[in-house]
Amino acid sequence: MRKIEMVDLRGQYKNIKTEIDESIQSVIDTAAFVKGGKVTEFQQHLESFLGVKHVIPVGNGTDALQISLMALDLKPGDEVITPTFTFIATAEVVALLGLTPVLVDVDPNTFCMSVDSLKRVITPKTKAIVPVHLFGQNADMEQILSIAKENHLYVVEDACQSIASRYTFSDHTSCMSGCMGNIGCTSFFPSKNLGCYGDGGAIFTNDDDLAEKMRSIANHGMSVRYHHDRVGVNSRLDSIQAAVLDVKLKYLMEYTQKRQAAADFYTQSLQTIKELKLPTIGPNTSHVFHQYTIRVLNGRRDELQQYLKENEIPSMIYYPIPLHMQKAYANERYGVGDFPVAENLSKTVLSLPMHTELDEEQLQYIVSVIKKFFQNPC
């Protein structure tokens with residue numbers, strides 16, 4: 001049996017090596033390493049794939065979030081609502097801009113923003129909502145967008161883990177993840193479902209004015225060379241990364257199907273273990289399984305992780321500490337116990353290997369080891 005990886009980027013590369021190498025070589029041949037034609041090609045192909053009017057490639061997913069909030073012209077002290085159970089970047093960019101991150105709990109089944117918690121924290125200072133489409137499925141966007149409209153709030157989707165996921169509204173229309181709010185953001189970090197071979201990210205919008213502003217902000221605030229109309233940053237996707245992504249975009253739906261097949265295998269094989277709660281897919285969303293995250297309900301999560309390690313199976317805890325319990329974001333308005341779902345998740349979640357190269361032998365071995373663990377007494 002091949003060694004089990006949490007993410008098998010080497011195996012994925014081997015299967016598309018010729019195309020990747022040729023695409024990278026084409027950039028080297030032109031020496032257009034920054035803002036080259038490959039970036040424009042990838043941008044256009046991604047716009048077509050997502051069905052969105054504008055894609056703005058940037059340096060990474062964190063930059064995408066920061067540039068998006070900068071484009072909204074928010075003022076210091078304005079409140080931005082985001083979940084406490086997520087990666088730190090979501091709140092980090094809010095704080096960096098002098099805005100006030102307002103944290104909410106998450107749904108215990110989908111791990112995405114709790115609509116009830118969202119409703120309770122809206123104040124006159126609230127200006128934006130940043131729902132996180134965690135682990136590969138969309139938050140309850142129909143309700144979130146309705147709340148935003150009612151309260152005149154911006155919606156910036158953090159779709160860094162959910163590219164290719166689709167959300168269906170009650171009127172049967174559907175949208176790709178990241179393309180429903182005012183702005184959507186994604187990351188092309190190597191381990192993402194669509195990942196490059198370094199850092200990269202992108203912003204999505206159907207708003208022409210916001211698109212123009214975000215392109216300017218990402219380019220030192222310039223719209224015309226050496227004319228700086230606004231404060232900006234330097235954030236761009238380089239041509240070699242675009243060359244990699246343009247190849248991998250062609251395979252994204254195939255990759256998604258492979259992840260979904262692996263997830264189905266896990267679910268069918270582990271559903272009888274009463275000590276586990278398996279991933280729940282929301283009623284209006286597809287799930288692209290950036291992570292396959294189980295919950296260990298009997299207090300043995302860390303013990304299970306160690307047992308997997310001893311049997312050469314990697315696993316990860318996303319996320320061990322909610323944002324409201326992080327030292328950098330300590331705030332007198334929050335305390336232990338204020339976000340019970342997130343705090344419980346941080347003690348029980350465990351993500352199993354999930355990638356496009358998992359084969360049946362590996363999957364069989366993983367589930368057999370998990371079953372053996374739960375057959376043993378505490």
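Reply: Start with H9, where Ser239, Gln241, Ala242, Ala243, Val244, Leu245, Asp246, Val247, Lys248 and Leu249 are buried. Keep in mind that this is a predicted model.

Me: What cut-off makes a residue buried?

Reply: Buried means under 20% relative accessible area. By that test, 10 of the 11 residues in H9 (residues 239–249) are buried, and the helix is mostly covered.

Me: How should I think about direction along a helix?

Reply: An α-helix has 3.6 residues a turn, so residues three or four places apart point the same way.

Me: What covers the buried residues of H9?

Reply: Other helices are part of the cover. They include H1 (9–15), H2 (17–30), H3 (37–50) and H10 (252–270).

Me: And the start of the helix? Which atoms should I check at the start of H9?

Reply: Look for a side-chain oxygen and a backbone nitrogen. At the start of H9, a side-chain oxygen of Asp238 comes within 3.0 Å of the backbone nitrogen of Ile240.

Me: Let me try H4. How many of its residues are buried?

Reply: H4 (residues 61–71) has 9 buried residues out of 11, so read by the under 20% cut-off it is mostly covered. The buried set is Gly61, Ala64, Leu65, Gln66, Ile67, Ser68, Leu69, Met70 and Ala71.

Me: What should I check at the two ends of H4?

Reply: At the start, a side-chain oxygen of Asn60 lies within 3.1 Å of the backbone nitrogen of Thr62. Just after H4, Asp73 has a positive phi of about 55 degrees.

Me: Now zoom out. How many helices and strands does the chain have?

Reply: The chain has 13 helices and 14 strands. Its radius of gyration is 21 Å, close to the 21 Å from the globule rule for 378 residues, so the chain is as compact as a globular protein of that length. The C-alpha atoms fill a box of roughly 70 × 55 × 45 Å along the principal axes.

Me: Which numbers describe packing across the chain?

Reply: Buried residues make up 54% of the 378. Of the contacts between residues at least 6 apart in sequence, 73% join residues at least 24 apart.

Me: And charge?

Reply: There are 36 positive and 44 negative side chains. The centres of the two sets lie 3 Å apart.

Terms used
Residues are numbered from 1 along each chain as its sequence is written. This is a predicted model: local features need pLDDT of at least 70, side-chain atom pairs count only at pLDDT 80 or more; totals for chains, interfaces and linings use all residues. Side-chain values use heavy atoms; hydrogens and water are left out. Helices (H or I, at least four residues) and strands (E, at least two) are DSSP runs, numbered from the N terminus. The radius of gyration is taken over C-alpha atoms; the globule rule is 2.2 Å times the number of residues to the power 0.38. Buried means under 20% relative accessible area, exposed over 50%, partly exposed in between (1.4 Å probe, protein chains only). Contact means heavy atoms within 4.5 Å. Lys and Arg count as positive and Asp and Glu as negative; His and the chain ends are not counted. The place of a charge is taken as NZ of Lys, CZ of Arg, CG of Asp or CD of Glu. A polar contact is a pair of N or O atoms within 3.5 Å; within protein, one must be able to donate a hydrogen and the other to accept it, and residues adjacent in sequence count only if both atoms are side-chain atoms.
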